[in-house]
Amino acid sequence: MESITRKEAIDKVKQNVSDDKLRKHMYAVSDIMKELAKELDKDVKNWSLSGLLHDIDYEETQDDFKLHGKISAEMVSEEVSGEILDAIRSHNYENTGFKPEKEMDYGLIASDALSGLIVATALVMPNSSLEEVRVESVMKKIDDSSFAKSIDRDRIKMCEELGLELEKFVELGLEAMKKDSERLGL
Ligand SMILES: [Fe+2]
């Protein structure tokens, strides 16, 4: 199936997600997935769409996190390809029971976590900007388990399932988000 356009997906995010911070998170994950797809020679549009749409049910599923991801997939089931739906369901695999199996699945889980750590790192910089964040800053924060404790480092390290070393993944993710810093507001 041919997926909806990026513009249509962004409109759908705006319709369903009221929290600006959450929207920006979805844009950031999409940015990283796009660069990952380029790096790995995958379908750039579909990888980017999985990032853009993965949390579209977040505000609806807060009271029942087991449904998070499943409902997102239902909400876009007629609009995107099956591989995107699988990735969206499996990004919350601990709760949905949909295990990650394909590269896009692992990419989404890793990008979701990395984007959070990059944002947290930017926020402790003197001017709270992405511009100030270096690859080494993020690498240090990965090793500092007292920093941004809720972010699971093992998820970030799932980049290795894609044959990408952690440092390379951090570099790619950071560059991807820096290019979009205006929209991300960082
Ligand atoms: Fe997310």
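In which helix does Asn 46 lie? Select Asn 46 in this predicted model, and the viewer will show that the residue lies in helix H3, which runs over residues 44–53.

**Around Asn 46**

Asn 46 has 17 C-beta neighbours inside 10 Å and therefore counts as partly exposed. If you display its contacts and set aside residues up to four places away in sequence, you will find Ser 3, Ser 81, Glu 83 and Ile 84 touching Asn 46. For a view across the model, draw a line from the C-alpha atom of Asn 46 to that of Glu 94, a residue 48 places away along the chain, and the separation comes to 24 Å.

Next select helix H2, residues 20–40. At 1.5 Å a residue, its 21 residues should span 30 Å, and this agrees with its end C-alpha atoms, which are 30 Å apart. Just after H2 comes Asp 41, whose phi is positive, at about 60°.

Within H2, pick Met 33, which counts as buried because 30 C-beta neighbours lie inside 10 Å. Beyond the residues up to four places away in sequence, Met 33 touches Trp 47, Ser 48, Ser 50 and Gly 51, and also Gly 107, Leu 108 and Ser 111. Glu 78, which is 45 residues from Met 33 along the chain, has its C-alpha atom 21 Å from that of Met 33.

**The largest nonpolar core**

Now colour the largest nonpolar core, a set of 48 residues in which Ile 32, Leu 53, Ala 110, Leu 114, Ile 118 and Met 177 touch the most other members. At least two residues of this core come from each of H2, H3, H6 (82–90), H8 (103–123), H9 (135–143) and H11 (166–179). Which helix gives the most to this core? That is H8, with 11 residues.

Centre the view on Ala 110 and hide its neighbours within four places in sequence; the residues still in contact with Ala 110 are Arg 155, Ile 156, Met 158, Cys 159 and Phe 169.

**Where H8 meets H9**

To see the contact itself, show Leu 117, Ile 118 and Thr 121 on the H8 side, which meet Ser 137, Val 138, Lys 141 and Ile 142 on the H9 side. By residue type, this contact of H8 with H9 divides into four nonpolar, two polar and one charged.

**H11 and its buried residues**

Move on to H11, where the 14 residues should span 20 Å at 1.5 Å a residue, in agreement with the 20 Å between its end C-alpha atoms. Its buried residues, which can be selected together, are Phe 169, Val 170, Leu 172, Gly 173, Leu 174, Ala 176 and Met 177. These buried residues of H11 pack against H2, H8, H9 and helix H12, residues 181–184.

**The loops on either side of H9**

Begin in the loop between H8 and H9 with Ser 128, which has a positive phi of about 50° although it is not a glycine. With 13 other C-beta atoms within 10 Å, Ser 128 is partly exposed.

Then pass to the loop between H9 and helix H10 (153–156), in which Ile 151 is found together with Ala 148 and Lys 149. Ala 148 also has a positive phi in a residue other than glycine, here near 40°, and is partly exposed, with 18 other C-beta atoms within 10 Å.

Is Lys 149 buried or exposed? Lys 149 has 8 other C-beta atoms within 10 Å and is therefore exposed.

End at Ile 151, which counts as partly exposed with 19 C-beta neighbours inside 10 Å; a residue needs 20 or more to be buried. Apart from its neighbours within four places in sequence, Ile 151 is in contact with Ala 113, Gly 116 and Leu 117. Its C-alpha atom is separated by 30 Å from that of Glu 79, which is 72 residues away along the chain.

Key:
Residues numbered from 1 in each chain as written. Predicted model: local features only at pLDDT ≥ 70, side-chain atom pairs only at ≥ 80, totals over all residues. Core = buried A, V, L, I, M, F, W, Y, C linked by C-beta atoms within 7 Å. Buried ≥ 20, exposed ≤ 12 C-beta atoms within 10 Å, placed from the backbone. Helix = DSSP H or I, 4+ residues; strand = E, 2+ residues; numbered from the N terminus. Contact = placed C-beta atoms within 7 Å. Expected span 1.5 Å × (residues − 1). Nonpolar A, V, L, I, M, F, W, Y, C, P; charged D, E, K, R; others polar.
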